[in-house]
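Reader: Please take a close look at one part of this model with me, and follow it out to whatever it meets. I would like the cut-offs along the way.

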Amino acid sequence: MTRRVFRYVPFTIEQDATAEPEYEVRCVSGDETECGARSGTYSHPAPVEEWQRRHTQETRHRRYHRHFRDAVMRPMAESSEPGEPARASGSAV
């Protein structure tokens, strides 16, 4: 049997400056089932917020899940913001 040793390595979750962010929203309103309508994916939040405003106006739905994607995981030692507390951590290496 092979023996392995794992050590705790703290990570930070940071905005990835090299990636174009993505914004999207999904309607989760509904009595028995979720509406499920989606805004589509955009590189700026304004079109998503406008879609959400219009959808609420047309349907009176008010509950949404917002999605924002652009994260990168970095070990604390490589963090671009030294001294800033970690927002999430944990990994086995």
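Author: A residue is called buried when its relative accessible area is under 20%, exposed when over 50% and partly exposed in between, using a 1.4 Å probe and protein chains only. This is a predicted model, in which local features need pLDDT of at least 70 and side-chain atom pairs count only at pLDDT 80 or more, while totals for chains, interfaces and linings use all residues. Numbering starts from 1 along each chain as its sequence is written, and side-chain values use heavy atoms, leaving out hydrogens and water.

Let us settle on the helix. The chain has 1 helix and 4 strands, in the order β-β-α-β-β from the N terminus; helices (H or I, at least four residues) and strands (E, at least two) are DSSP runs, numbered from the N terminus. The 15 residues of helix 1 should span 21 Å at 1.5 Å a residue, and the end C-alpha atoms agree, being 21 Å apart; the expected span is 1.5 Å times one less than the number of residues.

Now for its inner side. Val48, Trp51, Gln52 and His55 are the buried residues of helix 1. Viewed down the helix axis, these fall within an arc of 100°, so they line one face; the arc is taken from the directions from the axis to the C-beta atoms. Their cover includes strand 2 and strand 3, where contact means heavy atoms within 4.5 Å.

Rings of Phe, Tyr and Trp (its six-membered ring) pair if their centres lie within 6.5 Å, and planes under 30 degrees apart are stacked, over 60 edge-to-face and the rest tilted. There are 2 such pairs in the structure. Tyrosine 23 and phenylalanine 68 make a tilted pair, because their ring centres are 4.7 Å apart and their planes meet at 45°. Tyrosine 23 sits in strand 2 and phenylalanine 68 in strand 3 (residues 64-69), 45 residues apart, so to speak a link between distant parts of the chain. Tyrosine 23 is buried at 18% relative accessibility, whereas phenylalanine 68 is partly exposed at 43%.

Tryptophan 51 is buried at 15% relative accessible area, and tyrosine 64 is buried at 14%.

The structure holds 7 salt bridges, each a side-chain nitrogen of Lys or Arg within 4 Å of a carboxyl oxygen of Asp or Glu. Glutamate 50 bridges to arginine 53, with the closest N and O atoms 2.5 Å apart, and to arginine 54, with those atoms 3.5 Å apart. Arginine 53 lies 3 residues from glutamate 50 in helix 1 and arginine 54 lies 4 residues from it, about one turn of the helix in each case. Glutamate 50 is partly exposed at 33%, as are arginine 53 at 43% and arginine 54 at 36%.
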